[in-house]
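Dear colleague,

I am passing on the structure below, and my notes on it follow directly after. Please read them with the model open beside you.

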Amino acid sequence: MTASSTFTPTPSAPGGLPLLGHAHLLARSPLPFITSLRRHGSVVRIGIGTTPAYVVTDPALTRRVLVTDAAHFAKGGKIIDALRVFFGDGLATVADGDTHMRNRRQMQPMFNKAHIARRGAAMIDRVGSLVASWKEGEARDVYADMNDITLAAFLVALFGTDLPENLQGDFTALMPAIMKGTIRQTVLPSWITRLPLPANRAHAERVARLRNLIDQAIDHRSGTLDAGSPQELGCPHAKAAQEQDQEQEGLFATLLTAADPLSRQQLQDEAITLLTGAIETTGTTLAWTLYEITRHPGIERRLRAELDSVCAERPVRYEDLEKMPYARQVLQEAIRKYGPAWMVTRTATEDVDLGGHRIPRGADVVWSPYLHQHDPAYFPEPEVFDPDRWSPERAGATRGSFLAFGDGRRKCIGENFAWSELQIILATVLRTWPRLELASRPPAPQAVVTVKPDVIRLAYYGSGQRETGGTPGK
């Protein structure tokens, strides 16, 4: 609602410095700092340099920002502005308005459950071949592995099973450096990212290469669609052939065949947005999940017992995912405990009354899934990894405070896909490798765009014949 004439004074966070504000605390100890703000009020003023920002610590008020009063809080702020340089006007960064609504409507069918299910078998095959290729007993970088696997699975789902191997390899080689460069762009002052420094030039060149790769993938997909055989529709096996083609063509074919197609620039922007979202958040969640499994043998036993009861001796199938509720609880608890996002921004479009606090027009409004998901009022002992928080008997107590996928009209469009990909990869790793061991010190969380581990190395042991039909590492 529009600001009224009577307001509650908005408290300022302690520890601010001249010119820096609270930037030094956000840089040195971001997670302790952001969670500490809850003690000072439901809305707390901080300084990012000399610019004020308003952190919302009450999940009910955050839902007002995202849902009830969303018209007064536009997608924007420092993080979004930095990401827009890389993403362009993809769904995650495009301004509110007609373009956002049009593109979201166009893309929504890509992420319905039926569309995802048709790509399930191809994703499982791709993930299985990668997981089985690991060498037994080798200490592996889990974060890097999970990012590589999520990228490979998403490329299959997005562009189809027939994407040329050289393009797949180029995507896999380029994306880690792209992600590092993008994170750098979000944490540095904008004036530094505009200077002709070697790191800035290298990032710009990589982004240009990524757009070229996406163009090649789009051209390949378009050529395949154009080469379809209309005469096949009259043959007895037309339906089966059509279903096979749909599985092969990938989700992106939905955009390429839309009645009101996107421009080539818009297709590039959306592909970059989808690829980055699929890698960073999903890979981070899986890395933390595997780490927590190594720390909790009881959780691992329950997971493996559930897999055995559903799959017996055969490989995992897409239709098995809905029969594995405990696996979903474990993944949801990893998302809850580690974010994965820790700071998201909006911009007030006018003077707004938010819970009795005056938010001036143009001000950055900050909300934090990490902060809300560590609120002991909703999640007792928030540092404890407890998948049973999400059991049907207990999940109601958390309602309104789990905001990892956002809410309202800007809620993550790929949530259904994310859950499917997370469950596929977790199930495949556990079915392929009967024993996991931590091969590094315990990781420390690093708050960049997501809350990522600074280091996790795991070693994998055992036969994988049940899942892959062969022995891993051979």
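Leu195 sits in the loop that lies between helix H10 (190-193) and helix H11 (198-226), where helices are DSSP runs of H or I with at least four residues, strands are DSSP runs of E with at least two, and both are numbered from the N terminus. Because its relative accessibility is 36%, Leu195 counts as partly exposed (buried means under 20% relative accessible area, exposed over 50%, and partly exposed in between, with a 1.4 Å probe and protein chains only). Together with Trp191 and Leu197, Leu195 forms a nonpolar patch on the surface, with about 290 Å² of accessible area for the three together. Such patches are made of residues with over 30% relative accessible area and no salt bridge, nonpolar side chains (Val, Leu, Ile, Met, Phe, Trp, Tyr) being joined within 5 Å and like charges within 9 Å; a salt bridge is a side-chain nitrogen of Lys or Arg within 4 Å of a carboxyl oxygen of Asp or Glu. The areas come from the Shrake-Rupley method with a 1.4 Å probe, and for residues only the protein chains shown count as cover.

Please keep in mind that this is a predicted model, in which local features need pLDDT of at least 70 and side-chain atom pairs count only at pLDDT 80 or more, whereas totals for chains, interfaces and linings use all residues. Residues are numbered from 1 along each chain as its sequence is written, and side-chain values use heavy atoms, with hydrogens and water left out.

Turning to the sheets, five strands form an open sheet with mixed pairing, in the order E1-E2-E8-E5-E3; two strands pair if DSSP finds at least two bridges between them. Its edge strands are E1 (43-48) and E3 (73-75), each of which pairs on one side only. E1 pairs with strand E2 (residues 51-56) in the antiparallel sense over six bridges, and Ile48 has Thr51 in E2 as its bridge partner. These two strands, E1 and E2, form a hairpin with two residues between them, and Gly49 in the turn has a positive phi of about 70°. E2 also pairs with strand E8 (residues 364-367), here in the parallel sense and over four bridges, with Asp364 in E8 as the bridge partner of Ala53.

Two bridges join E4 to strand E12 (residues 457-461), and Asp141 stands opposite Arg457 in E12.

Arg304 belongs to helix H15 (residues 297-311) and counts as buried because its relative accessibility is 15%. Neighbours within four places in sequence aside, Arg304 is in contact (heavy atoms within 4.5 Å) with Leu430, Trp433, Pro434, Arg435 and Leu436.

Finally, there are two backbone angles to inspect. Most residues other than glycine have a negative phi. Ala312, however, has a positive phi near 55°; Ala312 lies in the loop between H15 and helix H16 (325-338). Glu381 has a positive phi near 50°, and at 60% relative accessibility Glu381 counts as exposed.
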